[in-house]
Amino acid sequence: MAMNPVQFQAGLSMTQFIQRYGTEAKCYRALYRTRWPKGFRCPKCASRPRSRFRRAGRVYYQCRACRHQTTLISGTVFEGSKLPLTAWFLAMHLLTGSKTNMSALELKRHLGVCYDTAWKLKHKIMQVMTEREEPRQLAGFVQIDDAYLGGERNGGKPGRGSENKQPFVVAVATDEALEHPTFAVIEPVRSFDNASLTDWGKRRLAPDAEVFSDGLGCFRRVVELDHAHTVLETGGGRAATEVKGARWVNVVLGNVKRAISGCYHAMRQAKYARRYLAEAAYRFNRRFRLPDMLLRLARAMTLCKPWPEPKLRGVDNFRG
């Protein structure tokens, strides 16, 4: 069997990472070029001329036009952090360079910080990934399936209605032959009912999308959104996952579930499932250019607004 060039491409090795981002100065220069690729621009008036000075060990930039003062990390998701940029860059590299997930506990051991710090660091990075995936729409031939995170509680309601299960939709766009996946959307929904799937379809399917799914009734709502819809007779068992039109959505779904169950002993899926699923979608959708993933994430983090801890913890899957 021929090697998959995407799967076996060279990423950013740890040796290369240390050479490029092994010191605070290197990380600072990389983040500066990422935030202001054409040179400094005032976040208040967009003017370019500026002066530079130090205060309390931190570099400040003052706009010569409006006198506004800012730092490299002001107004970004880095704001308020006391961690060195080397810790941030290492965390970003570990979370994007890994083929599977990395828990906050493991991240804590790599960075040499306390668990609370590692948790906040990971969730801020996952929040950035979530915001980058939020506007994505799938076009062309789209395979969709339903799934759940979590399991039954002792003495709780069994089956699909369990209060400890978070339903989510996984959708994968492919080429015309249905053989090569391009992009994916993995997102929680309130339930598998008509209203939830109609809302999901409006946001996530491009006008020209043609949908392939199993016989779940709520998936038929895509027809009302003017999408062609093919219902696949998948049957059951392993053979159902190999049906043409359903194969890639099952491959992606299997990878996501294995990565999550193999990494996290417990997760609050009712609050944070959107972030965990967006992390998987973010890596999948940028798998074609692995060496560029770190700087692309750094750019996204400079565009993301600050997320202080109360706001970071106060979200749930459908609020925040």
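These legends describe close-up views of aromatic rings in a predicted model. A search of the whole structure finds 14 aromatic pairs.

**View A. Phe17 and Tyr21 form a tilted aromatic pair.** Their ring centres are 5.5 Å apart, with 45° between the planes. Both residues belong to helix α1, which spans residues 14-21. They are four residues apart, about one turn of the helix. Phe17 has a relative accessible area of 5%, so with the limit for buried at under 20%, Phe17 is buried. Tyr21 is also buried, at 8% relative accessibility.

**View B. Tyr264 and Tyr276 form an edge-to-face pair.** The centres of the two rings lie 4.9 Å apart. The planes meet at 70°; angles over 60 degrees count as edge-to-face, so this pair is edge-to-face. Tyr264 counts as buried, at 10% relative accessibility. Tyr276 is buried too, with a relative accessible area of 8%.

**View C. Ring pairs join four residues into a cluster.** The members are Tyr32, Trp36, Phe40 and Tyr61.

**View D. The charged end of Arg55 sits over the ring of Tyr60.** This charged end is 4.6 Å from the centre of the Tyr60 ring.

**View E. Arg286 places its charged end over the ring of Tyr282.** Here the distance to the ring centre is 3.8 Å.

Key
Residues numbered from 1 in each chain as written. Predicted model: local features only at pLDDT ≥ 70, side-chain atom pairs only at ≥ 80, totals over all residues. Heavy atoms only, no water. Phe/Tyr/Trp six-rings, centres within 6.5 Å; stacked < 30°, edge-to-face > 60°. Helix = DSSP H or I, 4+ residues; strand = E, 2+ residues; numbered from the N terminus. Buried < 20%, exposed > 50% of the residue type's maximum accessible area, 1.4 Å probe, protein only. Lys NZ or Arg CZ within 6 Å of the ring centre and 35° of its normal.
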